[in-house]
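Reader: I would like to learn how to read a protein structure feature by feature. Could we go through one together?

Author: Gladly; let us look at it first, and then take your questions in turn.

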Amino acid sequence: MLPEVLDTMLQSLQEVYGNPSSIHAQGRKARVEIERARRIIAKGLNAQTSEIFFTSGGTEANNAILWGCVKDLKRSHFVSSALEHPAVLATLDALVKYQDIRVSLVDTDSQGHVDLDHLAFLLQQNPQSVVSLMQANNEIGTLLPVKDVAALCRRYDALFHSDTVQTIGKFKMDMQVLDLDFAVASAHKFHGPKGIGFMYVKSTSYFRPFIHGGAQERNMRAGTENTAGIVAMAKAFDMAQKQMDLRQKHIQELKQYAIAQLLSHIPGIGFHGDAHHHSLYTILNISLPERFPGEMLPVLLDMQGVAVSGGSACASGANKGSHVLTALKSPPERPAVRLSFSVLNTRSEVDQFVSILSAVDTPDANE
Ligand code: PLP
């Protein structure tokens, strides 16, 4: 969390303690804060305030939308990809199990790009589908051409849901231009607190509640609102909007610098996804030569103060590995490490990481 966001959250916790559903002054104060937060987010996305619903994060939002498409919007065929986040894939599995729906997986290439011709074919075969494709892959960063997918969805009368958890707060998103029916966000991806997020539901694609109970969130999502989380998320979102170009420039440069340094110091290194072109600027997924110590690598790096995500392709049925790298047919013997850059990272941290990784790349270090 950025210090300004933390201050906003602490102030809210201390001063705005009323229940936003209560009619007394403290309750009304909390309601005002929540609706102000909703306006900030709606304005930033060029959406209506009535199209933003607060949730506990991206997972809940994805669940609510996908179940809503089946229960209320009566869709029974989904088009998704093998590279989606578990918040989508496991929800689709549950829908197949408990509801009478079918799922078709669109083809993707070795860098994770969706085959638009195959998507068009699937939509032509299955009119009135729901397309669920993430805007940026959280493991490899590959970006979806959202406007092209939206155009196909309109042509074949499909609803378009995009898991935008990795992109909201990272790119300027205009819902009128992107033409999505549903999008989702998670505050901790843009320096907000964890456990709070929102969903965008286009006014023409409303569904009924996913969580039943009180009338909060205009009957869409029951439960007392997390006022401090919502207010802090709006602060983080607003800062991300205002600083977007500067942050993007800084992080993009860091990523390019990391790529150049890694290429010159680690022989045989490679990158998963489309690292040089259509890729989220905050993520770099490194493919290391076989001589690196696979599963131990994130632990070795952690011991030196470097926090990375690991995960190579699945080597056997027993080893779960990364479903994304497995789907991309990445060789399982090559360890993978995922770096996430933020505006708070520096070039000297990249240098430190490269030198720590180079030190692991010696026969002695791996004994
Ligand atoms: N979707 C994507 C693409 C993500 O990267 C994440 C979180 O890492 C989620 C969904 C889940 O979001 P949350 O942890 O807020 O439920």
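Reader: How many of the 5 residues of strand 10 (residues 336–340) are buried?

Author: Before answering, please keep in mind that this is a predicted model. A residue is called buried when its relative accessible area is under 20%, and by that cut-off 4 of the 5 residues in strand 10 are buried, which leaves the strand mostly covered.

Reader: Which way does strand 10 pair with strand 9 (residues 283–287), parallel or antiparallel?

Author: The general idea is that strands of a sheet pair through backbone hydrogen bonds, in either a parallel or an antiparallel sense. Here strand 9 and strand 10 pair in the antiparallel sense, over 5 bridges, and within this pairing Ile283 stands opposite Ser340 in strand 10.

Reader: And in which sense do strand 4 (residues 130–132) and strand 5 (residues 159–162) pair?

Author: Strand 4 and strand 5 pair in the parallel sense, over 3 bridges, and you can find Val131 standing opposite Phe160 of strand 5.

Reader: What is the order of the strands in the open sheet of 7 strands?

Author: Reading across the sheet, the order is 1-7-6-5-4-2-3, and the pairing is mixed. At the edges are strand 1 (52–55) and strand 3 (102–105), each of which pairs on one side only. From one strand to the next, the twist averages 20°.

Reader: Now for side chains: how many salt bridges are there?

Author: To count one, we look for a side-chain nitrogen of Lys or Arg within 4 Å of a carboxyl oxygen of Asp or Glu, and by this rule there are 13 salt bridges. One of them joins Glu35 to Arg38, with the closest N and O atoms 2.8 Å apart. Both residues lie in helix 2 (residues 25–45), where they are 3 residues apart, about one turn of the helix. The two partners can also be read by their accessibility, since Glu35 counts as partly exposed at 24%, whereas Arg38 is buried, with a relative accessible area of 2%.

Reader: Which parts does the salt bridge between Lys202 and Asp179 tie together?

Author: In this pair the closest N and O atoms are 3.0 Å apart. Asp179 itself is partly exposed, at a relative accessible area of 22%.

Reader: Where do Glu253 and Lys249 lie?

Author: Both are in helix 9 (residues 244–265), 4 residues apart, which is about one turn of the helix, and their side chains meet in a salt bridge of 3.3 Å, taken from N to O. Glu253 is partly exposed, with a relative accessible area of 42%, while Lys249 is exposed, at 52%. Salt bridges can also share partners, and in this way Arg31, Glu35, Arg38, Glu217 and Glu225 are joined into one network.

Reader: Finally, which residues are around the ligand?

Author: The residues around the ligand include Gly57, Gly58, Thr59, His85, Asp163 and Gln166. In the side chain of Asp163, an N or O atom is 2.6 Å from a nitrogen atom of the ligand. Taken alone the ligand exposes 400 Å², and the protein buries 84% of that.

Note on methods
Residues numbered from 1 in each chain as written. Predicted model: local features only at pLDDT ≥ 70, side-chain atom pairs only at ≥ 80, totals over all residues. Heavy atoms only, no water. Helix = DSSP H or I, 4+ residues; strand = E, 2+ residues; numbered from the N terminus. Buried < 20%, exposed > 50% of the residue type's maximum accessible area, 1.4 Å probe, protein only. Pairing = 2+ DSSP bridges. Axes fitted to C-alpha atoms, helices over the stretch in contact; angles between N-to-C directions. Near = heavy atom within 4 Å. Polar contact = N/O pair within 3.5 Å; in protein donor to acceptor, adjacent residues only side chain to side chain. Areas by Shrake-Rupley, 256 points an atom, 1.4 Å probe, with all protein chains shown as cover.
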